[in-house]
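Please keep the sequence and the structure in view while reading.

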Amino acid sequence: MILGSEMLDWNYRDKACIVGVGSTDYGVFPETDAVGLGVSALKAAVDDAGISFDDIDGVILNRLPYDRFAEVSNLNTPYLQSTPAHGRFSAIALMMAAEAIASGAATTIALVYGNDGRSAAMKYGGDPNFWAPWGFTSPGASHAMMFRRHMAQFGTTSEDLAHIAVAFRDHATKNPAAVMKKPITVEDHQNSRFICDPLHLLDYCLINDGGVAWIMTTPERAKDMKKKPVYVSSFARQDDFSQNSLPPNDYWYPALKKVESQVYERAGISRNDIDGLMIYDNFSPTVLFALEGMGFCKQGEGGQFVRDGMLQLGKGRWPTNTSGGHLSESYMQGWALIVEGVRQLRGEVPAERQIKDAKALQFILATAVAGSIIIRNDA
């Protein structure tokens, strides 16, 4: 459903396209590093788009040293941005590229991510800080406290989270690239060890090596590319760092509601036109926070909403993270979820993992930078 003409004046709707995606294998690769993984992914994305490195006039990097990457890739462009390692920058990088392309700052941008966290023995937590005596040394501890509050406030249970982990693992069993492909059950989730009570091992994302890249350009240039473009139809973002040092007591809900009020209107479609979701799942509770914040269910009803396969391919209305997501495919901090979305909209994933007649997908990020992006296969 296309909304009324009064909604059509947002400047960035369908002004940029994703025309190439590439990814490496995911796992443990001590023989290379993050730059090597990023360059390998970029080569795959360039080939996917049917262009050459000489066609690229803009670069946006994440988790990569910009000078070393430019040296190795021989990309010396007039537009270069290097972004911090936080996962929220997967969405921010895509938004930056769309704005740069729409403004004419660059016409064909390579967005590249590389992560050798597994081989580099990356640890998330344990660092000394002001809150360390209370145990807040990791993102996992913070999310555990947030979910504990959600349990007390709304009656949500650990078993509710199990349905998220089981659905995403089921999708991963259909994805040869996934790191974790062994099926799991709700009982497996409940019996897995606690990492930070009430979060179990299976509520946590993976840590692995890998690289991901996207090529974005204008709709006009996309006509000459090898494959049909995927349009960036809308995006919206609302930051909220007011409780950044401690677990926020509002689950970023007000920020997400602000994003919800903009992202569908900007795309000119409604929530019911969305065929599937890609939700940033560093920890399983963020999936509930995202669903509630974006209005897929009322606040506090996320646990009930995800039961009985609501997010599962072939069962629920909202197939989510069809690659297996961060919980089961790989921890590429949102970047691989966008790749999965593009491949879904192109109809390139195996039939057993394909969302039927997928035309519009939504990426959602529930963090201190709340954000959402809608991509479509037809402008």
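Is R237 buried, partly exposed or exposed? R237 is partly exposed, with a relative accessible area of 38%; here buried means under 20% relative accessible area, exposed over 50%, and partly exposed in between (1.4 Å probe, protein chains only).

## Basis of the report

This is a predicted model, in which local features need pLDDT of at least 70 and side-chain atom pairs count only at pLDDT 80 or more, while totals for chains, interfaces and linings use all residues. Residues are numbered from 1 along each chain as its sequence is written, and side-chain values use heavy atoms, with hydrogens and water left out.

The structure contains 13 salt bridges, a salt bridge being a side-chain nitrogen of Lys or Arg within 4 Å of a carboxyl oxygen of Asp or Glu. One of them pairs R237 with D239, with the closest N and O atoms 2.9 Å apart. D239 is partly exposed as well, at 28% relative accessibility.

D14 and R376 form a salt bridge in which the closest N and O atoms are 3.4 Å apart. This pair links distant parts of the chain, 362 residues apart: D14 lies in the segment before strand 1 (17–23), and R376 lies in strand 11 (residues 369–376). Helices (H or I, at least four residues) and strands (E, at least two) are DSSP runs, numbered from the N terminus.

Why does D14 count as buried? D14 counts as buried because its relative accessibility is 13%, under the limit of 20%. R376 is also buried, with a relative accessible area of 9%.

## A pair within helix 2

E71 and R68 form a salt bridge, and their closest N and O atoms are 3.1 Å apart. Both residues belong to helix 2 (residues 66–73), where they are three residues apart, about one turn of the helix. An α-helix has 3.6 residues a turn, so residues three or four places apart point the same way. E71 counts as exposed at 57% relative accessibility, whereas R68 is partly exposed, with a relative accessible area of 43%.

## Helix 9 and the residue after it

Helix 9 (residues 284–293) is mostly covered, for 10 of its 10 residues are buried. Among them are S284, V287, F289 and E292. Just after helix 9, G295 adopts a positive phi of about 80°.
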